[in-house]
Amino acid sequence: MRQVVVICDGMADSTADFQDGMTPMARAQSPNMDFLARMGRSGCLHTIPTGKYVGSETAILTILGYKPEELPSGRGPLEATGLGLDISSETYAARYILSETIDLECILHDYPSCRFHALSDRTGISLFQDDCRERLHADPRLKIWSEDKKRSFRDFRNPNNKDISQWTSAALIGKVPLVKGIAMECGLKWIEPDGATGDIDTDYQNKGTAMIGAIKNHDIVIVHIEACDAASHRRDLKSKIKAIESIDSNIISLLRKLYSREEDISVAVISDHPTLCSSGTHSREATPALICFKGIKTDSVLFFSEKEAKNGSLKEISELWETAE
């Protein structure tokens, strides 16, 4: 059975922050997600193991079946890989944020042995060795976070050490460097559609088209959409609702048609983690998910939202990594 997983980054929110639990997911017009929820089963998944950083690097790898001991302690190396930066196993990679009183040229002058790759005027990726690490962390002019050394990941296509002829064919569709780094390090084919931006203005239609094309040649297709997370970080409720509706009408609608006409398709839709519009931050709360395929025993869920998913037959899976055995 071919499998399609749509990861809507940061789509979930906290029902406690909204009157009557009317989160962006609950407010959005998403008839195609609702259809798949009615035809399948829903529940809530804990994608952030205890003690692990609440971020997409943790959540996405957990969704892909990686166990807590396989997860990175920071996203830096994965983002560096996704950006095409050369990094050795002895090099730290981390995100940096410059204070508003300094520019990158001054930092480059003071740290000639370190490398800095700017992503904006104030943020980027820093690459450094042990001899600079303590000094960088102590420097009040910049903040270093989500650091780790480059590590090896097992190949997603071959979880049980099968003969190469039995390997799963898998593709990951997205835009942001972190997700590209995950694809490159874990053995998934990377597909970056034209017009993808990693924000609310991404070309949702092209992502949907790329997904349908990839399904023809791959056993597993994973689609990552950053838009909801970007809107949440800006605390932009209206844009988050619009992003959910755009995902539904341009991507999930195609999966609904595919599910309706074909027998060997399994569809899953999940928010990798909640990102709260109230604070602009990630949450380690359980996140809603649905799964749908022909012949599945359905439950009573009629709509896809945080509140409804809690009533689904999948209940709340608190140790997702142990179910992947």
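Reader: Why is K150 called partly exposed, and what is its relative accessible area?

Author: In this predicted model, K150 has a relative accessible area of 27%. Buried means under 20% and exposed means over 50%, so K150, at 27%, falls in between and is called partly exposed.

Reader: What makes the pair of E185 and K150 a salt bridge?

Author: The closest N and O atoms of E185 and K150 are 2.5 Å apart, and because a salt bridge requires a side-chain nitrogen of Lys or Arg within 4 Å of a carboxyl oxygen of Asp or Glu, the pair qualifies. E185 lies in helix α7 (residues 177-186) and K150 in the loop between β6 and β7, so the pair ties together parts that are 35 residues apart in sequence.

Reader: Is E185 buried or exposed, and how do you know that?

Author: E185 has a relative accessibility of 18%, and since the cut-off for buried is under 20%, E185 counts as buried.

Reader: Which residue forms a salt bridge with E70, and where do the two partners lie?

Author: The side chain of E70 meets that of R154 in a salt bridge, with 2.6 Å from N to O, a value that is within the 4 Å limit. E70 is in the loop between α3 and α4, whereas R154 is in the loop between β6 and β7, 84 residues apart. E70, with a relative accessible area of 22%, is partly exposed, and R154, at 30%, also counts as partly exposed.

Reader: What makes the rings of Y66 and F153 an edge-to-face pair?

Author: A pair of aromatic rings is described by the distance of the centres and the angle of the planes. For Y66 and F153 the centres are 6.4 Å apart and the planes stand at 85°; because centres must lie within 6.5 Å and planes over 60 degrees apart count as edge-to-face, the pair is called edge-to-face. Y66 is buried, and F153 is buried too.

Reader: How do you know that F35 and Y259 form an aromatic pair, and which parts of the chain does the pair link?

Author: By this rule there are 4 aromatic pairs, and one of them is F35 with Y259, whose rings are 6.1 Å apart from centre to centre, with 70° between the planes. The distance is within 6.5 Å and the angle is over 60 degrees, so this pair is edge-to-face. F35 belongs to helix α2 (residues 31-39) and Y259 to helix α10 (residues 237-261), 224 residues apart, so the pair links distant parts of the chain. Both F35 and Y259 are buried.

Reader: Why is S146 called buried, and which residues does S146 touch?

Author: S146, which is found in strand β6 (residues 142-149), has 13% relative accessibility and therefore counts as buried, because the cut-off is under 20%. Not counting residues up to four places away in sequence, S146 touches E57, G74, R75, G76, A93, A94 and R95. A polar atom of the S146 side chain lies 2.8 Å from the backbone nitrogen of R75.

Reader: Is E134 buried or exposed, and what is the reason?

Author: E134, in helix α6 (residues 130-138), has a relative accessible area of 67%, and because exposed means over 50%, E134 is exposed.

Terms used:
Residues are numbered from 1 along each chain as its sequence is written. This is a predicted model: local features need pLDDT of at least 70, side-chain atom pairs count only at pLDDT 80 or more; totals for chains, interfaces and linings use all residues. Side-chain values use heavy atoms; hydrogens and water are left out. Helices (H or I, at least four residues) and strands (E, at least two) are DSSP runs, numbered from the N terminus. Buried means under 20% relative accessible area, exposed over 50%, partly exposed in between (1.4 Å probe, protein chains only). A polar contact is a pair of N or O atoms within 3.5 Å; within protein, one must be able to donate a hydrogen and the other to accept it, and residues adjacent in sequence count only if both atoms are side-chain atoms. Contact means heavy atoms within 4.5 Å. Rings of Phe, Tyr and Trp (its six-membered ring) pair if their centres lie within 6.5 Å; planes under 30 degrees apart count as stacked, over 60 as edge-to-face and the rest as tilted.
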